[in-house]
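Good morning, everyone, and thank you for making the time. I would like to take you through one model this morning, going from loops to helix packing and then to the core and the chain contact.

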Amino acid sequence: MFSRKRWKEAGTAYTLLSPTLFVLLLFVIGPILFAIYLSFHKVQLLGTASFQFVGFDNFTRILDDTRAKIALWNTVKYVVIVVPTQTMLALVLAATLNAGLKGEKFFRIVYFLPTLTSSAVLTLIFMWMYNQNGLVNHVLEFFGLPTYNWLGDPSVALNAIMIMNIWSTAPFFMVIYLAALQDIPDSLYEAAELDGANAWHKFWYVTVPYLKPVTSFVVIMGLIGTFQLFDQSYIFSGGSGGPNNATLTVVLLIYQYAFKSLGTMGYAAALAFALAIVILLATWLQRKFSKEESLY
Amino acid sequence: MMNKKTWFAIGMSTMLFGSVLAGCGGEEKTAKNENKGETKEEQVEVTLAGWGGNPMEQKLLKQTLDEFEKKYPNIKVKHEVISDQYMDVIKTRLIGGEGPDVFYLDAFEAPAMIETGVLEPLDDYVTDDFDIDDFEKPLLDAFKGPDGKIYGFPKDYSTLALFYNKKMFAEAGLDVPKTWDELREAAKKLTKGTEVYGFGVAPELARLYYIAESKGGKVVTDNKASFADPKVVEALQPIVDMRLKDKSAAQPNEVGAGWGGEMFGQQKAAMVIEGNWAIPFLQETFPNTEFGTAEVPTIDGKKGTMAYTVAYVMNKDSQKKEAAWKLISFLTGKEGMKIWTSKGFALPTRKSIASELGYDKDELRAALVAGAPYATVWQNGTNLPIIMNNFNNQFVSAFLGEQPLDEALKKAQDIANKEIEAK
């Protein structure tokens, strides 16, 4: 079917692609396949490495694992609160920064700064502010509001991480929204004005619908990012997921099983695989829900 | 956040590349030494891995290693400091076949590591000279495998003692408590609202183990959790009551401190139960906090405390076992241990060294040394990490008053045992 010339062209193309393909196979495809392989085995890597095929045992074990349930519950709670909040906040920030205020550029930079900070540094700084005698409690006290033991009280520890993450990720999505906002033709707003729309109407009936594909993208990226919450809760709890499992997330649990306890690498891989399916489902649901067929 | 995989790939390749470079460097050095022709024997380089300590400790170790190299000129020690996530790094390196020849191992992690068979049994290397009976027995036993072989020699240890603030005690006109009942009463008197707590508690199994077992209950039975035993609950209840009923105890993060020593140093707790490590910390960071130490108060007339110990162990896959043993035997031998423990950052595990250095008469360290004979070594089977994790999680919630202690411990025990059974 293919002529010699086309074969030759394809050959050249693949030769040129080979470095990338090699890296992809070695570092992306390979590990994924190996993780799937691991998830069906009982693995002991230390000493004499052993791989014992156990079928679906690792997966059925998840159903019976109380800590896995707690981790999933914490993660879902985190996703359900953080994703909508950061999306809305990003949209509002973008809209205000696109309204033609004075000093707009300056504020764009200021708002974007948190995103540039490494999450580890950010967490350490926030832990310092969340300290019992820290800034956050002083501010709350000043306004006569109740203070909390943000780091040690199981009922508020996860909220502390939520606040921190919304603050640091919203600006990133704000930039995406800003770019999309520049694309909305002025004629739409003019037409709306002629129809007697006020600022709110314009925002709700023109801006929001026009940004729907971007919102869809932002929500999917947000879902994936929040389901993978790890570094913040790891630093926050020193790797334990405490106090009282309050900051235990699925990825943190995977880490604990993979590296903290010996011989549970297979189970950790099964958990990781299950998490991938959960994210896939959530993304699929989101797309069904928003009925957005275009673009992403 | 977005490109974790890419970063991971870059990280991995850098590491691989780095190790290639490191490999080259090592060979070069040995080659140079050979050229100089310093010794007739073949030059060997032994890798020693451990976690970092404070600057003084690092200096002491350096001094000890220098002595070793002087004594064995053909052996060069390459000291590697793993500053964070020590066990993760060691395990990964052992799996990859890149493990160090000699490394630190905490007694807490020892049973699981011995079980995997990555450690070299050391019995065959031991000579009479080494004087194995000189070691404190419970500390040495911590590194014995189920086969009765010794897999490591303890380099030092620390016990827990009661640290009390001298000024606060003088102001309140109190004597140093000898029993837990006295401690509880003293804590009430020393508490000043939420400014100063009488007693700073670390709500962790590692610190509470001996208290938990003080009424005859067992925390671990047959390598499974058994701390929901009413006797264990009864033993731990006073700690919870001190916080919830007396309001005379708190954990460090409730006053904005990172750990007990800091809480005590900031004068937010009049008493804490800490180890050897707190002494230099307090002297350096909080020179204005005058403190004394005493043996941990007795429970029902019985003495109790914890002992934490770390050993030097040998990698089974090491290519330089002879040299590695020489290093271990020097470091844990009389000569090396004397240098290493000479400043009192850690206590010597050899009885002869302990009496030679006179720590049993030291004002601050006597209480810690006195604890050694009756201390519970922080170790119990291969499943202790799982048991500890679940205990800590639920105990904190009981300590904060979210649920009654017996329910919390029952829940923690069930989860821990389920996890153990699934293994």
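Let me begin with a definition: helices (H or I, at least four residues) and strands (E, at least two) are taken here as DSSP runs, numbered from the N terminus. What you are looking at is a predicted model, in which local features need pLDDT of at least 70 and side-chain atom pairs count only at pLDDT 80 or more, while totals for chains, interfaces and linings use all residues. Residues are numbered from 1 along each chain as its sequence is written, and chains are lettered from A and ligands numbered from 1 in the order in which they are written.

With that in place, D222(B) sits in the loop between β6 (220-221) and β7 (224-225) of chain B. Most residues other than glycine have a negative phi. D222(B), however, is a residue other than glycine whose phi is positive, near 50°. Is D222(B) buried or exposed? The terms rest on C-beta atoms placed from the backbone: a residue is buried if 20 or more other C-beta atoms lie within 10 Å of its own, exposed if 12 or fewer, and partly exposed in between. D222(B) has 8 other C-beta atoms within 10 Å, and is therefore exposed.

N244(A) also has a positive phi, near 45°, and is likewise a residue other than glycine. Its place is the loop between α11 (231-237) and α12 (250-260) of chain A, and N244(A) counts as buried because it has 26 C-beta neighbours inside 10 Å. G239(A) lies in the loop between α11 and α12 of chain A, and with 16 C-beta neighbours inside 10 Å it counts as partly exposed. Although G239(A) and Y255(A) are 16 residues apart along the chain, their C-alpha atoms are separated by 8.8 Å.

Let me stay with chain A and turn to its annotation, bearing in mind that UniProt positions are given in the numbering used here, that feature names are shortened, and that annotations may be inferred rather than shown by experiment. The unreviewed UniProt entry gives "domain: ABC transmembrane type-1" for residues 72-286 of chain A, a span that is 76% helix and 0% strand in the model, with its end C-alpha atoms 18 Å apart. The unreviewed entry also places the feature "transmembrane region" at several stretches of chain A, among them residues 21-40 and 158-180. In the model, residues 21-40 of chain A are 95% helix and 0% strand, with end C-alpha atoms 27 Å apart, whereas residues 158-180 of chain A are 100% helix and 0% strand, with end C-alpha atoms 32 Å apart.

Now to helix packing, where axes are lines fitted to C-alpha atoms, for helices over the stretch in contact, and angles run from 0 to 180 degrees between N-to-C directions. Helix α7(A) and helix α10 (residues 212-227) of chain A pack at an angle of about 160°, with their axes 10 Å apart. That angle makes α7(A) roughly antiparallel to α10(A), given that angles under 35 degrees count as roughly parallel, over 145 as roughly antiparallel, 65 to 115 as roughly perpendicular and the rest as oblique. Contact (C-beta atoms, placed from the backbone, within 7 Å) is made by T169(A), F173(A), I176(A), Y177(A) and A180(A) of α7(A) with V214(A), V218(A) and G225(A) of α10(A).

In chain B, the axes of helix α8 (residues 205-212) and helix α9 (residues 230-244) come within 9 Å and cross at roughly 120°, which means that α8(B) is oblique to α9(B). Here L208(B), I211(B) and A212(B) in α8(B) meet V232(B), A235(B), L236(B) and I239(B) in α9(B).

Which residues touch the most other members of the largest nonpolar core? A nonpolar core is a set of buried Ala, Val, Leu, Ile, Met, Phe, Trp, Tyr and Cys residues joined through C-beta atoms within 7 Å. Of the 188 residues in the largest one, they are M174(A), Y177(A), L271(A), L236(B) and L327(B). Helix α7 (residues 154-181) of chain A gives the most to this core, with 13 residues. Not counting residues up to four places away in sequence, L271(A) touches I62(A), A68(A), V250(A), L253(A), I254(A) and Y257(A).

Finally, the chains themselves: 31 residues of chain B are in contact with 32 residues of chain A. On the side of chain B that touches chain A, α16(B) gives the most, with eight residues.

Technical notes
Contact = placed C-beta atoms within 7 Å.
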